[in-house]
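This briefing is meant for someone meeting the structure for the first time. Please look over the sequence and the model below before reading on.

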Amino acid sequence: MSRIPVVDQDECISCEVCVSICPEVFRMQGEGDDHHHHKSFVYNPTGASEEKIEQAMDNCPAACIHWQD
């Protein structure tokens, strides 16, 4: 995989859609803290196929997940 997914932390609305679609790649930071302060991040950029990562991107209501070449 040549492309790496990244989450724009400033745009993330903490909806957890990416985590529910692709938990092999995305996690929420601050798991034990107040839910509204959680932000998605990429912990395993090669954990799933590009197609599955793109599914998470396409379903993100904030459109804050992008490819970094």
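In helix α2 (residues 50-59), the buried residues are I53, A56 and M57, where buried means under 20% relative accessible area, exposed means over 50%, and partly exposed lies in between, computed with a 1.4 Å probe on protein chains only. When α2 is viewed down its axis, these buried residues fall within an arc of 100 degrees, so they line one face of the helix; the arc is taken from the directions that run from the helix axis to the C-beta atoms. Helices (H or I, at least four residues) and strands (E, at least two) are DSSP runs, numbered from the N terminus.

This is a predicted model, in which local features need pLDDT of at least 70 and side-chain atom pairs count only at pLDDT 80 or more, while totals for chains, interfaces and linings use all residues. Residues are numbered from 1 along each chain as its sequence is written, and side-chain values use heavy atoms, with hydrogens and water left out.

**Surroundings of α2**

- The buried residues of α2 pack against β1 (4-7), α1 (17-21), β2 (26-29) and β4 (65-68), with contact meaning heavy atoms within 4.5 Å.
- On the face of α2 turned away from its buried side, the exposed residues E51 and D58 are found.

**Salt bridges**

- Three salt bridges are found when the whole structure is searched, a salt bridge being a side-chain nitrogen of Lys or Arg within 4 Å of a carboxyl oxygen of Asp or Glu.
- E50 forms a salt bridge with R3, and the closest N and O atoms of this pair are 3.0 Å apart. Since E50 lies in helix α2 and R3 in the segment before β1, the pair ties together parts that are 47 residues apart in sequence.
- E54 also pairs with R3 in a salt bridge, with the closest N and O atoms 2.8 Å apart. Here E54 belongs to helix α2 and R3 to the segment before β1, so the pair ties together parts that are 51 residues apart in sequence.
- R3 is partly exposed at 25% relative accessibility, E50 is partly exposed at 24%, and E54 is partly exposed with a relative accessible area of 29%.
- The side chains of E24 and K52 meet in a salt bridge at 2.8 Å, N to O. E24 lies in the loop between α1 and β2 and K52 in helix α2, so this pair ties together parts that are 28 residues apart in sequence.
- Both partners count as partly exposed, E24 at 28% relative accessibility and K52 with a relative accessible area of 27%.

**Positive phi angles**

- S14, which lies in the loop between β1 and α1, has a phi near 65 degrees, a positive value in a residue other than glycine. With a relative accessible area of 6%, S14 is buried.
- A63, found in the loop between α2 and β4, has a phi near 50 degrees, again a positive value in a residue other than glycine. A63 is partly exposed, with a relative accessible area of 49%.
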